[in-house]
Amino acid sequence: MIYFKFPFNEKLYTTNKESLKNSVTVYPFHNSGHLRFKGDIIEVKAEDFYNRTITEFSLPRDPDGYTGETKDEYLDKLDKVIKVIRENHLPKIVLSRRKIIKNFSEINVKESFKNLCNAYPNAFRYVFVNGENSWMGAFSEVLGKFDKTTHTFETMSLAGTLPVSESWSEKEIEEQKPVSNYIQDIFEKYAILGHIERSSTYDHISGNIKHLRTDFKAKIKPEDVDHIIKELHPTPAVCGIPKDFCREKIEEYEKFPREFYAGYIKIETEETIQYFVNLRCAKLYSNSVHLFVGGGITAQSNPEKEWLETELKSEAVLKNLVLS
(Lines give C-alpha, C1' and ligand atoms only; values in the text may rest on other atoms or scores of the structure.)
Protein backbone atom coordinates (compact mmCIF):
# COMPACT_ATOMS: atom_id res chain seq x y z
CA MET A 1 0.00 0.00 0.00
CA ILE A 2 1.07 3.60 -0.63
CA TYR A 3 -0.40 6.93 0.47
CA PHE A 4 0.86 10.35 -0.55
CA LYS A 5 0.14 14.08 -0.71
CA PHE A 6 1.36 16.55 -3.31
CA PRO A 7 3.06 19.83 -2.27
CA PHE A 8 0.59 22.50 -1.13
CA ASN A 9 -2.23 19.98 -1.42
CA GLU A 10 -3.81 18.33 1.60
CA LYS A 11 -5.78 15.77 -0.39
CA LEU A 12 -4.69 12.20 0.34
CA TYR A 13 -4.11 9.83 -2.57
CA THR A 14 -3.46 6.12 -3.08
CA THR A 15 -3.70 3.58 -5.93
CA ASN A 16 -6.79 1.41 -6.31
CA LYS A 17 -5.06 -1.68 -7.81
CA GLU A 18 -7.98 -2.05 -10.25
CA SER A 19 -5.95 -1.54 -13.41
CA LEU A 20 -2.52 -2.43 -14.78
CA LYS A 21 -1.41 1.19 -14.96
CA ASN A 22 1.99 1.95 -13.44
CA SER A 23 0.76 5.10 -11.76
CA VAL A 24 3.43 5.26 -9.04
CA THR A 25 6.99 3.98 -9.39
CA VAL A 26 9.74 4.30 -6.79
CA TYR A 27 13.27 4.31 -8.22
CA PRO A 28 16.43 3.69 -6.17
CA PHE A 29 19.55 5.84 -6.43
CA HIS A 30 21.28 3.31 -8.69
CA ASN A 31 18.26 2.79 -10.99
CA SER A 32 17.78 -0.94 -10.44
CA GLY A 33 15.19 -2.71 -8.31
CA HIS A 34 12.36 -0.20 -8.58
CA LEU A 35 8.91 -0.69 -7.03
CA ARG A 36 5.65 -0.26 -8.91
CA PHE A 37 2.26 0.49 -7.38
CA LYS A 38 -0.33 -0.42 -10.00
CA GLY A 39 -3.82 0.99 -10.43
CA ASP A 40 -5.43 4.38 -10.92
CA ILE A 41 -4.57 7.18 -8.54
CA ILE A 42 -7.59 7.95 -6.39
CA GLU A 43 -8.33 10.39 -3.61
CA VAL A 44 -9.21 8.84 -0.26
CA LYS A 45 -10.55 10.27 2.95
CA ALA A 46 -8.08 10.65 5.80
CA GLU A 47 -10.20 8.42 8.02
CA ASP A 48 -9.87 5.59 5.49
CA PHE A 49 -6.10 5.68 6.03
CA TYR A 50 -6.35 5.95 9.80
CA ASN A 51 -8.80 3.05 9.94
CA ARG A 52 -6.26 0.76 8.27
CA THR A 53 -4.49 -1.72 10.47
CA ILE A 54 -0.80 -0.83 10.38
CA THR A 55 1.11 -2.13 13.37
CA GLU A 56 4.66 -3.25 14.04
CA PHE A 57 3.57 -6.60 12.57
CA SER A 58 3.00 -4.86 9.23
CA LEU A 59 6.66 -3.85 9.12
CA PRO A 60 9.60 -6.16 8.45
CA ARG A 61 12.23 -6.75 11.12
CA ASP A 62 15.66 -5.29 10.53
CA PRO A 63 17.56 -8.29 9.14
CA ASP A 64 20.94 -6.69 8.67
CA GLY A 65 21.89 -5.55 12.13
CA TYR A 66 23.35 -2.34 10.71
CA THR A 67 25.06 0.04 13.09
CA GLY A 68 25.22 3.68 12.14
CA GLU A 69 28.50 5.48 11.71
CA THR A 70 29.89 7.26 14.73
CA LYS A 71 30.74 10.92 14.50
CA ASP A 72 34.47 10.14 14.45
CA GLU A 73 34.01 7.62 11.62
CA TYR A 74 32.05 10.13 9.57
CA LEU A 75 34.53 12.96 10.16
CA ASP A 76 37.39 10.69 9.13
CA LYS A 77 35.54 9.80 5.95
CA LEU A 78 34.86 13.48 5.22
CA ASP A 79 38.57 14.26 5.51
CA LYS A 80 39.31 11.60 2.88
CA VAL A 81 36.57 12.85 0.54
CA ILE A 82 37.71 16.48 0.83
CA LYS A 83 41.22 15.31 -0.12
CA VAL A 84 39.78 13.57 -3.22
CA ILE A 85 37.90 16.76 -4.14
CA ARG A 86 41.01 18.91 -3.86
CA GLU A 87 43.28 16.48 -5.70
CA ASN A 88 40.82 16.20 -8.61
CA HIS A 89 39.62 19.85 -8.55
CA LEU A 90 35.99 18.79 -8.20
CA PRO A 91 33.11 21.22 -7.53
CA LYS A 92 31.49 18.84 -5.03
CA ILE A 93 30.71 15.28 -3.98
CA VAL A 94 27.52 14.48 -2.09
CA LEU A 95 28.14 12.15 0.84
CA SER A 96 25.43 10.48 2.91
CA ARG A 97 25.03 8.34 6.01
CA ARG A 98 22.35 6.42 7.90
CA LYS A 99 21.30 7.43 11.36
CA ILE A 100 19.80 4.33 12.99
CA ILE A 101 17.27 4.51 15.82
CA LYS A 102 16.63 1.37 17.85
CA ASN A 103 15.61 2.43 21.36
CA PHE A 104 11.86 1.90 20.97
CA SER A 105 9.37 -0.95 21.16
CA GLU A 106 6.75 0.28 18.70
CA ILE A 107 6.33 2.86 15.93
CA ASN A 108 2.95 4.41 15.19
CA VAL A 109 3.15 4.68 11.40
CA LYS A 110 -0.17 6.45 10.92
CA GLU A 111 0.47 9.17 13.52
CA SER A 112 4.04 9.59 12.28
CA PHE A 113 2.80 10.16 8.73
CA LYS A 114 0.16 12.59 9.99
CA ASN A 115 2.84 14.59 11.83
CA LEU A 116 5.06 14.63 8.75
CA CYS A 117 2.22 15.89 6.58
CA ASN A 118 1.40 18.68 9.01
CA ALA A 119 5.04 19.72 9.41
CA TYR A 120 5.83 20.01 5.68
CA PRO A 121 2.80 21.28 3.71
CA ASN A 122 5.07 22.45 0.85
CA ALA A 123 6.60 18.99 0.38
CA PHE A 124 5.69 15.77 -1.39
CA ARG A 125 4.81 13.41 1.49
CA TYR A 126 4.45 9.65 1.28
CA VAL A 127 4.39 6.40 3.18
CA PHE A 128 4.41 2.91 1.74
CA VAL A 129 4.52 -0.60 3.20
CA ASN A 130 5.50 -3.17 0.60
CA GLY A 131 6.90 -6.47 1.83
CA GLU A 132 10.50 -5.90 2.92
CA ASN A 133 10.35 -2.24 1.89
CA SER A 134 8.56 0.22 4.16
CA TRP A 135 9.50 3.89 3.74
CA MET A 136 8.28 7.33 4.72
CA GLY A 137 9.40 10.77 3.61
CA ALA A 138 8.69 14.42 2.96
CA PHE A 139 10.77 16.46 0.54
CA SER A 140 10.55 19.49 -1.71
CA GLU A 141 13.00 18.80 -4.54
CA VAL A 142 11.38 18.19 -7.92
CA LEU A 143 13.41 16.18 -10.43
CA GLY A 144 10.88 17.05 -13.12
CA LYS A 145 7.28 17.83 -13.96
CA PHE A 146 5.85 17.34 -17.46
CA ASP A 147 2.51 18.80 -18.54
CA LYS A 148 0.99 16.46 -21.14
CA THR A 149 -1.17 19.24 -22.60
CA THR A 150 1.33 22.11 -22.94
CA HIS A 151 4.44 19.89 -23.23
CA THR A 152 6.25 22.09 -20.70
CA PHE A 153 8.88 20.49 -18.51
CA GLU A 154 9.93 22.03 -15.18
CA THR A 155 12.66 21.28 -12.68
CA MET A 156 14.66 23.03 -10.00
CA SER A 157 18.20 23.43 -8.78
CA LEU A 158 18.12 22.96 -5.02
CA ALA A 159 21.37 22.91 -3.03
CA GLY A 160 23.06 24.46 -0.02
CA THR A 161 21.63 23.97 3.45
CA LEU A 162 21.50 26.22 6.51
CA PRO A 163 19.24 26.80 9.50
CA VAL A 164 16.59 29.34 8.53
CA SER A 165 18.07 32.03 10.79
CA GLU A 166 21.60 31.93 9.32
CA SER A 167 23.02 33.87 6.34
CA TRP A 168 24.43 32.25 3.22
CA SER A 169 28.19 31.92 2.96
CA GLU A 170 30.38 31.50 -0.11
CA LYS A 171 30.44 27.73 0.51
CA GLU A 172 26.67 27.29 -0.02
CA ILE A 173 26.56 29.71 -2.96
CA GLU A 174 29.39 27.89 -4.72
CA GLU A 175 27.75 24.54 -3.94
CA GLN A 176 24.53 25.52 -5.72
CA LYS A 177 26.08 27.04 -8.85
CA PRO A 178 27.25 23.79 -10.52
CA VAL A 179 23.82 22.23 -9.93
CA SER A 180 22.18 25.09 -11.83
CA ASN A 181 24.77 24.98 -14.61
CA TYR A 182 24.33 21.22 -14.97
CA ILE A 183 20.56 21.59 -15.40
CA GLN A 184 20.98 24.52 -17.80
CA ASP A 185 23.25 22.42 -20.05
CA ILE A 186 20.72 19.57 -20.19
CA PHE A 187 17.80 21.92 -20.91
CA GLU A 188 19.70 23.47 -23.81
CA LYS A 189 19.78 20.03 -25.46
CA TYR A 190 16.04 19.43 -25.23
CA ALA A 191 14.28 22.82 -25.12
CA ILE A 192 12.27 23.48 -28.29
CA LEU A 193 13.79 26.47 -30.13
CA GLY A 194 16.27 26.73 -27.27
CA HIS A 195 13.86 28.82 -25.17
CA ILE A 196 14.46 28.29 -21.43
CA GLU A 197 12.84 30.15 -18.55
CA ARG A 198 15.25 30.44 -15.62
CA SER A 199 14.36 32.17 -12.37
CA SER A 200 16.67 34.11 -10.10
CA THR A 201 18.07 32.16 -7.14
CA TYR A 202 16.00 32.44 -3.97
CA ASP A 203 15.49 30.88 -0.54
CA HIS A 204 13.46 27.70 -0.28
CA ILE A 205 12.24 27.07 3.27
CA SER A 206 11.67 23.50 4.44
CA GLY A 207 10.81 23.24 8.13
CA ASN A 208 13.81 24.31 10.20
CA ILE A 209 16.23 24.60 7.27
CA LYS A 210 16.54 26.50 4.00
CA HIS A 211 18.13 25.84 0.61
CA LEU A 212 19.12 27.92 -2.41
CA ARG A 213 16.74 27.32 -5.32
CA THR A 214 16.61 28.19 -9.02
CA ASP A 215 13.67 27.14 -11.24
CA PHE A 216 13.87 26.01 -14.88
CA LYS A 217 11.07 25.62 -17.43
CA ALA A 218 10.97 24.81 -21.16
CA LYS A 219 8.82 23.15 -23.81
CA ILE A 220 10.15 19.76 -24.90
CA LYS A 221 9.01 16.90 -27.10
CA PRO A 222 6.94 14.26 -25.22
CA GLU A 223 9.24 11.51 -26.48
CA ASP A 224 12.17 13.25 -24.77
CA VAL A 225 10.76 13.11 -21.23
CA ASP A 226 12.42 9.80 -20.31
CA HIS A 227 15.70 10.95 -21.85
CA ILE A 228 15.85 14.18 -19.87
CA ILE A 229 15.01 12.37 -16.63
CA LYS A 230 17.81 9.88 -17.22
CA GLU A 231 20.23 12.74 -17.80
CA LEU A 232 19.06 14.71 -14.78
CA HIS A 233 19.25 11.79 -12.34
CA PRO A 234 21.21 11.79 -10.22
CA THR A 235 21.57 15.56 -10.14
CA PRO A 236 24.70 17.17 -8.64
CA ALA A 237 22.53 17.96 -5.60
CA VAL A 238 22.48 14.26 -4.65
CA CYS A 239 25.63 12.98 -6.39
CA GLY A 240 28.21 15.53 -7.49
CA ILE A 241 30.12 16.58 -10.61
CA PRO A 242 31.30 14.81 -12.73
CA LYS A 243 28.48 12.32 -12.24
CA ASP A 244 30.18 9.01 -13.04
CA PHE A 245 33.33 9.75 -11.04
CA CYS A 246 31.32 10.94 -8.03
CA ARG A 247 29.12 7.85 -8.17
CA GLU A 248 32.24 5.69 -7.97
CA LYS A 249 33.48 7.63 -4.93
CA ILE A 250 30.07 7.40 -3.26
CA GLU A 251 30.17 3.61 -3.59
CA GLU A 252 33.74 3.58 -2.31
CA TYR A 253 33.27 5.77 0.75
CA GLU A 254 29.67 5.37 1.90
CA LYS A 255 29.21 2.65 4.50
CA PHE A 256 25.75 1.56 3.31
CA PRO A 257 23.96 1.38 -0.05
CA ARG A 258 21.53 4.26 -0.53
CA GLU A 259 18.63 2.05 -1.68
CA PHE A 260 15.69 4.41 -2.37
CA TYR A 261 17.38 7.37 -0.70
CA ALA A 262 18.33 9.99 -3.35
CA GLY A 263 16.34 8.04 -5.93
CA TYR A 264 13.01 9.43 -7.12
CA ILE A 265 9.28 8.77 -7.11
CA LYS A 266 7.35 9.02 -10.39
CA ILE A 267 3.64 9.89 -10.24
CA GLU A 268 1.72 9.74 -13.53
CA THR A 269 -1.84 11.02 -14.03
CA GLU A 270 -3.86 11.83 -17.15
CA GLU A 271 -2.56 15.42 -17.07
CA THR A 272 1.00 15.28 -15.75
CA ILE A 273 4.03 13.18 -14.95
CA GLN A 274 5.82 14.30 -11.80
CA TYR A 275 9.17 13.13 -10.44
CA PHE A 276 10.12 13.86 -6.81
CA VAL A 277 13.63 13.30 -5.42
CA ASN A 278 13.45 11.02 -2.36
CA LEU A 279 15.59 12.96 0.13
CA ARG A 280 14.16 13.52 3.64
CA CYS A 281 13.20 9.91 4.20
CA ALA A 282 13.46 6.88 6.45
CA LYS A 283 13.27 3.13 6.03
CA LEU A 284 10.92 1.66 8.62
CA TYR A 285 11.38 -1.61 10.46
CA SER A 286 9.43 -2.99 13.39
CA ASN A 287 12.58 -2.82 15.53
CA SER A 288 14.53 0.10 13.99
CA VAL A 289 14.31 3.22 11.84
CA HIS A 290 17.02 4.10 9.32
CA LEU A 291 17.19 7.84 8.64
CA PHE A 292 19.03 8.82 5.46
CA VAL A 293 20.85 12.16 5.40
CA GLY A 294 23.63 13.73 3.37
CA GLY A 295 25.28 16.92 2.24
CA GLY A 296 27.31 18.48 -0.53
CA ILE A 297 31.01 18.37 0.26
CA THR A 298 33.33 20.93 -1.35
CA ALA A 299 36.99 21.83 -0.99
CA GLN A 300 35.89 24.49 1.53
CA SER A 301 33.82 22.11 3.67
CA ASN A 302 34.33 21.98 7.41
CA PRO A 303 33.80 18.34 8.54
CA GLU A 304 32.38 19.37 11.90
CA LYS A 305 29.80 21.63 10.24
CA GLU A 306 28.94 18.93 7.70
CA TRP A 307 28.23 16.50 10.54
CA LEU A 308 25.98 19.07 12.20
CA GLU A 309 24.16 19.60 8.90
CA THR A 310 23.31 15.90 8.67
CA GLU A 311 22.12 15.94 12.28
CA LEU A 312 19.90 18.93 11.46
CA LYS A 313 18.49 17.20 8.37
CA SER A 314 17.75 14.00 10.29
CA GLU A 315 15.34 15.98 12.49
CA ALA A 316 13.05 16.52 9.48
CA VAL A 317 11.73 12.97 9.87
CA LEU A 318 12.92 12.02 13.34
CA LYS A 319 11.05 14.75 15.21
CA ASN A 320 7.78 13.60 13.62
CA LEU A 321 8.09 9.90 14.43
CA VAL A 322 5.78 8.58 17.13
CA LEU A 323 7.85 5.97 18.96
CA SER A 324 7.09 4.21 22.23
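1. Start with helix H2 (residues 71–88) and helix H6 (residues 243–253), which pack at an angle of about 155° with their axes 11 Å apart. Axes here are lines fitted to C-alpha atoms, for helices over the stretch in contact, and angles run from 0 to 180 degrees between N-to-C directions. H2 and H6 are therefore roughly antiparallel to each other (under 35 degrees counts as roughly parallel, over 145 as roughly antiparallel, 65 to 115 as roughly perpendicular and the rest as oblique). Their crossing is right-handed, meaning that the near helix is turned clockwise from the far one by less than a right angle. On the H2 side the meeting residues are Lys77, Lys80, Val81, Val84 and Asn88, and on the H6 side Phe245, Lys249 and Tyr253; contact means heavy atoms within 4.5 Å.

2. Some ground rules: this is a predicted model, where local features need pLDDT of at least 70 and side-chain atom pairs count only at pLDDT 80 or more, while totals for chains, interfaces and linings use all residues. Residues are numbered from 1 along each chain as its sequence is written, and side-chain values use heavy atoms, with hydrogens and water left out. Helices (H or I, at least four residues) and strands (E, at least two) are DSSP runs, numbered from the N terminus.

3. Which residues of H6 are buried? They are Lys243, Cys246, Lys249, Ile250 and Tyr253 (buried is under 20% relative accessible area, exposed over 50%, partly exposed in between, with a 1.4 Å probe and protein chains only). These cover an arc of only 125° around the axis, which puts them on the same side of H6; the arc is that of the directions from the helix axis to the C-beta atoms. The face turned away from that side carries exposed Asp244, Glu248 and Glu251. What the buried residues pack against is H2, strand E6 (92–101), helix H4 (170–190), helix H5 (225–232) and strand E14 (240–241).

4. H2 also meets helix H7 (residues 303–318): their axes come within 9 Å and cross at roughly 125°. H2 and H7 are therefore oblique to each other. The contact involves Lys71, Tyr74, Leu75, Leu78, Asp79 and Ile82 of H2, with Pro303, Glu304, Glu306, Trp307 and Thr310 of H7.

5. Pro234 is buried at a relative accessible area of 1%, and Val238 is buried at 3%. Not counting residues up to four places away in sequence, Pro234 touches Phe29, Tyr182, Cys239, Lys243 and Arg247. With that exclusion, Val238 touches residues including Phe29, Val94, Ile250 and Leu279.

6. In H3 (residues 109–119), Val109, Lys110, Ser112, Phe113, Leu116 and Cys117 are buried. Down the H3 axis they fall within an arc of 160°, so they line one face of the helix. At the start of H3, a side-chain oxygen of Asn108 reaches to within 3.3 Å of the backbone nitrogen of Lys110.

7. Finally, Tyr120 sits in the loop between H3 and strand E7 (124–130). Tyr120 counts as buried at 2% relative accessibility. Leaving aside neighbours within four places in sequence, Tyr120 is in contact with residues including Arg125, Ser206 and Ala316. The Tyr120 side chain reaches the backbone oxygen of Ala316 at 3.4 Å.

Note on methods: A polar contact is a pair of N or O atoms within 3.5 Å; within protein, one must be able to donate a hydrogen and the other to accept it, and residues adjacent in sequence count only if both atoms are side-chain atoms.
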